[in-house]
Amino acid sequence: MVLAAGIGQRMRPITDSIPKPLVRVGGRALIDHVLDRLAAAGVEQAVVNIHHFADQVERHLAGRREPKIVISDERARLLDTGGGVVKALDLVGAVPFFHINCDTVWIEGVRPNLDRLATVFDPAAMDGLLLLAPTTTSIGYEGRGDFALATDGRLRRRAEREIVPFVYAGAAILSPALFADAPNGAFSLTVLFDRAARAGRLFGLRLEGVWMHIGTPGAIQEAEAAIVASAA
């Protein structure tokens, strides 16, 4: 599942006329970077949720052949990161699935990170396996981090005044079990992440390569420079 429904407030004024998934970085729309990675990982079908400038996103995706696109329509009501997945679960299916933000971009290491996630994910032990980027080497990120990573791979959420070494890179494998007894309507996926962490069923995998946080217009040039440098 690809989350592409958000309004992209911090990307304004660009997102006053186009949706964030269609913002171009390195000559391609953000959502195409994501869908290309999924296709390379062998994903045959991607469920994409839409809301902000939904018609533009639909028209853009109509030209894709791999993976096959299925739309989860949130035009009537934006359901946030958690509610959007709950609405789409029937489309996603009853098995663990890739879950990825439309605006996450990274430069790969030796082995593709989505392949690494698929190899490590263990449905017997995990409700979620999150791709984590080190805060110190990520481009465009200046926050305090999201998670601490234990030696066994389990995750602990950052406390209010704490600084932790890893930020969620916007890609994961999630089990449908994560959404059991989920709230109704709009809610953040962090509610379920925190519940799974307390149960010892939320794990992390350190990203190989360089993650780029493209949250503002100014971050686009920084990301493009990194992409060019990596190809040199």
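Reader: Which element gives the most to the lining of the second largest pocket?
Author: This is a predicted model with residues numbered from 1 along each chain as its sequence is written; local features need pLDDT of at least 70, side-chain atom pairs count only at pLDDT 80 or more, and totals for chains, interfaces and linings use all residues. Side-chain values use heavy atoms, with hydrogens and water left out. Elements are DSSP runs numbered from the N terminus: helices (H or I, at least four residues) and strands (E, at least two). With three residues in the lining of the second largest pocket, the top contributor is E4.

Reader: Which elements give two or more residues to that lining?
Author: On a 1 Å grid over the protein atoms alone, a pocket is an open set of points with protein on both sides within 12 Å along at least five of seven lines, unlike a cavity, where a 1.4 Å probe fits but cannot get out; lining residues have an atom within 4 Å of a point. The second largest pocket has 13 lining residues, and Met1, Val43, Gln45, Val92 and Phe97 are nearest its centre. Two or more residues each come from strand E4 (45-50), H3 and E6.

Reader: How many nonpolar residues are in the lining of the second largest pocket?
Author: The classes are nonpolar (Ala, Val, Leu, Ile, Met, Phe, Trp, Tyr, Cys and Pro), charged (Asp, Glu, Lys and Arg) and polar (the others, Gly among them). One residue of this lining is polar and one is charged, while the count of nonpolar residues is eleven.

Reader: Which residues lie closest to the centre of the largest pocket?
Author: A volume is the space filled by probe spheres set on grid points, which are joined across faces, edges and corners. On that basis the largest pocket holds about 990 Å³. It is lined by 38 residues, and the closest to its centre are Arg10, Lys20, Thr81, Asn101 and Asp103.

Reader: Which element supplies the largest share of the lining of the largest pocket?
Author: By class, the lining has 18 nonpolar, 13 polar and seven charged residues. At least two residues each come from helix H3 (80-92), strand E6 (97-101), strand E11 (166-174), helix H5 (190-198) and strand E13 (209-213). The largest share, four residues, is that of E11.

Reader: What is the relative accessible area of Arg75?
Author: The classes are buried (under 20% relative accessible area), exposed (over 50%) and partly exposed (in between), with a 1.4 Å probe and protein chains only. Asp55 is partly exposed at 45%, and Asp73, which forms a salt bridge with Arg75 at 2.5 Å, is partly exposed at 34%. Arg75 is partly exposed as well, at 32%.

Reader: Is Asp127 buried or exposed?
Author: Asp127 lies in the loop between helix H4 (113-120) and strand E8 (128-134). Beyond four places in sequence, Asp127 is in contact (heavy atoms within 4.5 Å) with residues including Ile173, Leu178 and Arg201. Its relative accessible area is 12%, so the class is buried.

Reader: What radius of gyration does the chain have?
Author: The chain has six helices and 13 strands. For 232 residues the globule rule (2.2 Å times the number of residues to the power 0.38, with the radius taken over C-alpha atoms) gives 17 Å, and the chain is close to this, so it is as compact as a globular protein of that length. Its C-alpha trace spans about 40 × 40 × 35 Å along the principal axes. The radius of gyration is 17 Å.

Conventions. A salt bridge is a side-chain nitrogen of Lys or Arg within 4 Å of a carboxyl oxygen of Asp or Glu.
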